[in-house]
Structure formats: C-alpha cells, structure tokens
Amino acid sequence: MAMQSKAQLLTEIHTLLRRRYKPKPDRDPSRLSVLTAVVFGICHEDTTREQANQALSRFNDEYFDWNEVRVSSIGEIQEALAGLPDPEEKARRIRRFLRQMFSRTYGFNLEPLVKKPLKEALKVLKTYEAFESDFVTATVIQHALGGHAIPIDKSGQRVLERLGFPENDPSNLRSIVERAVPKNRGLEFAELIEELANDVCKAESPECPRCELRKHCDYPKNLAAAPPPAAHPKTRTTAATKPTSPEPAKAAKKSTPAPTKAKPEIKATPAKAPPKKATPTPPKKATPPAATKPNPKTPPKKPGKSK
Ligand code: SF4
C-alpha cells in the first residue's frame with residue numbers, strides 16, 4: 001500500500017469514527033505538567049482515558065504530594081490504581097519514575113524542560129525508565145511538551161493492524177499515523193481509536209457487523225475467506241484419529257500388537273548379534289583340522305610310490 005493511500009485511509013477512518021463516536025465534551029485540552037503527564041501515561045496505557053483520569057484523581061485526593069507517593073509501598077500505590085490492568089506493574093513504574101526524578105533533581109519539577117526544544121527535552125526525559133514506553137513518551141509530548149504525537153497502546157495497535165497497518169514497532173506505527181493526522185486533530189484521533197477498540201474492535205471477538213469501518217476493513221473479509229483454523233500439530237493428530245475412529249479403531253487394535261512385536265524386535269537385534277559373532281569363530285577352528293587330514297593320507301602313498 002502506498003503512503004498516500006495509507007494517509008487517505010486514515011483520514012477516512014477518522015471521519016467515520018468522528019461520525020460514530022461524537023468527540024467527548026468532557027475532554028480537557030489543557031496542558032498537563034510533565035510529571036502528571038508521565039503518571040497519566042502510565043495509568044492510561046492499555047486502558048481507557050476515564051479509568052486513567054480516575055486513578056489520577058485518587059492520587060490527588062489520597063496523597064499529600066508526589067513525595068508521599070514516592071515513599072509509599074507498592075501495595076499502597078496499587079490502591080490508587082484500582083481497576084486498571086496490571087496495577088502492581090504500573091505502581092512500580094510510577095514509584096520508580098518518582099524516585100529517579102527525586103534522586104536527580106531533589107524535587108518533583110520537570111517544567112524547565114517545557115521551555116527547551118522538543119528534541120532536547122526528550123533527550124533528558126529518555127534517561128528515565130518510564131520513557132522506555134513509546135505510549136508514555138507520546139503522551140508526554142502531546143499533553144505536556146506541546147509537540148505532535150499520537151499515543152498508541154496495544155489496543156490501538158491491534159485496531160490499526162486489523163485496518164491494514166501491520167507495524168510491530170509502536171514508534172513506526174505512530175510515525176505513520178502522525179504524518180496522516182494533523183496535530184490539531186491528533187488527540188481526537190487517539191481518543192476515537194480508543195473508543196473503537198473498547199466498543200467493537202475487541203481483542204477476542206470483534207463485532208464487525210456493527211462497526212462503522214467494516215467497509216474499509218479487510219479483517220472480516222480475510223476472516224471469512226480464510227481456511228478452517230489450522231489445528232496445532234498435536235491436536236491435528238488426535239483430531240485425525242477421532243473422526244475416522246471406526247477404521248483407526250481396527251488399525252489401533254492391529255497397531256497395539258505392533259508395539260509388542262516391536263519390543264521383541266529391539267530385543268532380537270542384540271540376540272542375533274551373538275550368533276554372528278559365534279559363527280565366524282567355529283569355521284576358523286574347523287579349517288585347521290581339514291588341513292591336517294591330507295597329511296595323514298599323503299605319508300602312506302609316498303612310501304608306496306617310492307617302492
Ligand atoms: S471491521 Fe471488525 S476488525 Fe475491522 S475495525 Fe471494525 S471491528 Fe475491528
């Protein structure tokens with residue numbers, strides 16, 4: 001697929017999703033602080049914006065400041081992340097980020113980075129473990145640094161893959177999307193893809209018949225045209241024996257003695273080996289007596305002839 005058609009497809013997807021899921025009025029376009037954007041990004045990854053906002057509110061309500069979160073146990077931080085997927089891992093990432101920041105700046109203020117050029121700010125931020133996630137990086141660029149970035153997590157990646165954008169590298173996929181979707185519509189596009197992922201394009205069983213994008217998506221067509229699901233090699237062998245059970249049953253009965261015959265064969269090979277060793281040795285012993293027989297005959301003849 002050419003780049004231009006990819007851009008056209010993404011534009012079409014955006015238009016259709018905008019028609020289906022009206023942009024939410026509660027969306028707050030105000031800028032977040034860098035710290036808050038990192039925590040929001042960690043909370044938001046692989047879940048909904050609403051759940052991430054709820055977690056962020058709990059941090060604000062239940063903790064005096066970020067230093068209190070930094071010195072809290074993982075279990076305590078997890079309580080603020082209730083309802084999010086993998087809260088323990090998210091709690092570790094948040095606390096690790098706060099500890100790294102405190103050890104470097106003796107505080108919780110990364111706002112001076114906002115005034116720096118985006119590349120310079122990212123160079124500093126990339127030294128934090130939290131920025132190993134492309135989703136968190138894009139969230140901070142979008143919500144705190146004022147750059148153009150469209151965060152795509154695993155669910156977004158799944159949706160876009162089904163729509164014809166198979167990219168394993170999240171940053172590559174993000175680059176493709178960011179080239180096609182302008183900055184002023186980036187946040188909206190990300191939210192619409194999230195809506196689609198949580199509404200119909202679910203991981204296990206996408207509800208394609210009621211999807212607004214079904215005419216532009218090859219996934220249901222490919223699914224219908226695909227041959228019956230290939231069974232696992234192990235299940236294929238068992239499945240092959242089950243349907244033809246009457247014949248294989250006989251074969252199985254025949255085959256059951258086979259293994260019993262096979263076992264003796266294994267034992268028989270060493271049994272045959274000893275006779276082979278035994279046969280060569282007796283002939284060797286027999287030949288010398290054959291050679292000795294003529295000797296007794298020749299001596300009687302010789303005296304006769306000489307006479
Ligand atoms: S048609 Fe199906 S697979 Fe394609 S985007 Fe819609 S729900 Fe997902």
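User: Which residues does Leu32 touch, not counting residues up to four places away in sequence?
Analyst: This is a predicted model, and in it Leu32 sits in the loop between helix H1 (3-20) and H2. Leu32 is partly exposed, with 19 other C-beta atoms within 10 Å. Leaving out residues up to four places away in sequence, the residues that Leu32 touches are Ala37, Phe40, His143 and Ala144.

User: How far apart in space are Leu32 and Ala144, C-alpha to C-alpha?
Analyst: Ala144 is among the residues that Leu32 touches. The two are 112 residues apart in sequence. From C-alpha to C-alpha, the separation of Leu32 and Ala144 is 5.0 Å.

User: What share of the contacts between residues at least 6 apart in sequence joins residues at least 24 apart?
Analyst: The secondary structure of the chain comes to 17 helices and zero strands. Among contacts between residues at least 6 apart in sequence, the share joining residues at least 24 apart is 68%.

User: Which residues have the most contacts inside the largest nonpolar core?
Analyst: In soluble globular proteins, nonpolar side chains tend to be buried together. Here the largest nonpolar core has 53 residues. This core draws at least three residues from each of domain 1 (1-22 + 173-221) and domain 2 (32-145). Those with the most contacts inside the core are Val38, Cys43, Ile94, Val140 and Ile150.

User: Which residues does Val140 touch, not counting residues up to four places away in sequence?
Analyst: Val140 is one of the residues with the most contacts inside the largest nonpolar core. With residues up to four places away in sequence left out, Val140 touches Val34, Ala37, Val38, Gly41, Leu125 and Leu145.

User: What covers the buried residues of H3?
Analyst: The buried residues in question are Ala52, Ala55 and Phe59, while Ser57, Asn60 and Asp61 are exposed on the other side of H3. The cover over the buried residues includes helix H2 (34-44), helix H4 (66-70) and helix H5 (74-80).

User: Why do the buried residues of H6 line one face of the helix?
Analyst: The 19 residues of H6 should span 27 Å at 1.5 Å a residue, and the end C-alpha atoms are 27 Å apart, which agrees. Buried in H6 are Lys90, Ala91, Arg93, Ile94, Phe97, Leu98 and Met101. Seen down the axis of H6, these residues line one face because they fall within an arc of 165°.

User: Which exposed residues does the face of H6 turned away from its buried side carry?
Analyst: The buried side of H6 has a cover that includes H2, H4 and H5. The face turned away from that side carries the exposed residues Glu88 and Ser103.

User: What is the phi of Asp46?
Analyst: Asp46 is placed in the loop between H2 and H3. With 15 C-beta neighbours inside 10 Å, Asp46 counts as partly exposed. Although Asp46 is not a glycine, its phi is positive, at about 65°.

User: Is Pro209 buried or exposed?
Analyst: Pro209 is in the loop between helix H11 (186-199) and helix H12 (219-225). The C-alpha atoms of Pro209 and Pro220, eleven residues apart along the chain, are separated by 8.8 Å. With 8 other C-beta atoms within 10 Å, Pro209 is exposed.

Note on methods:
Residues numbered from 1 in each chain as written. Predicted model: local features only at pLDDT ≥ 70, side-chain atom pairs only at ≥ 80, totals over all residues. Buried ≥ 20, exposed ≤ 12 C-beta atoms within 10 Å, placed from the backbone. Helix = DSSP H or I, 4+ residues; strand = E, 2+ residues; numbered from the N terminus. Contact = placed C-beta atoms within 7 Å. Core = buried A, V, L, I, M, F, W, Y, C linked by C-beta atoms within 7 Å. Domains from an automatic or database assignment. Expected span 1.5 Å × (residues − 1). Arc of directions from axis to C-beta.
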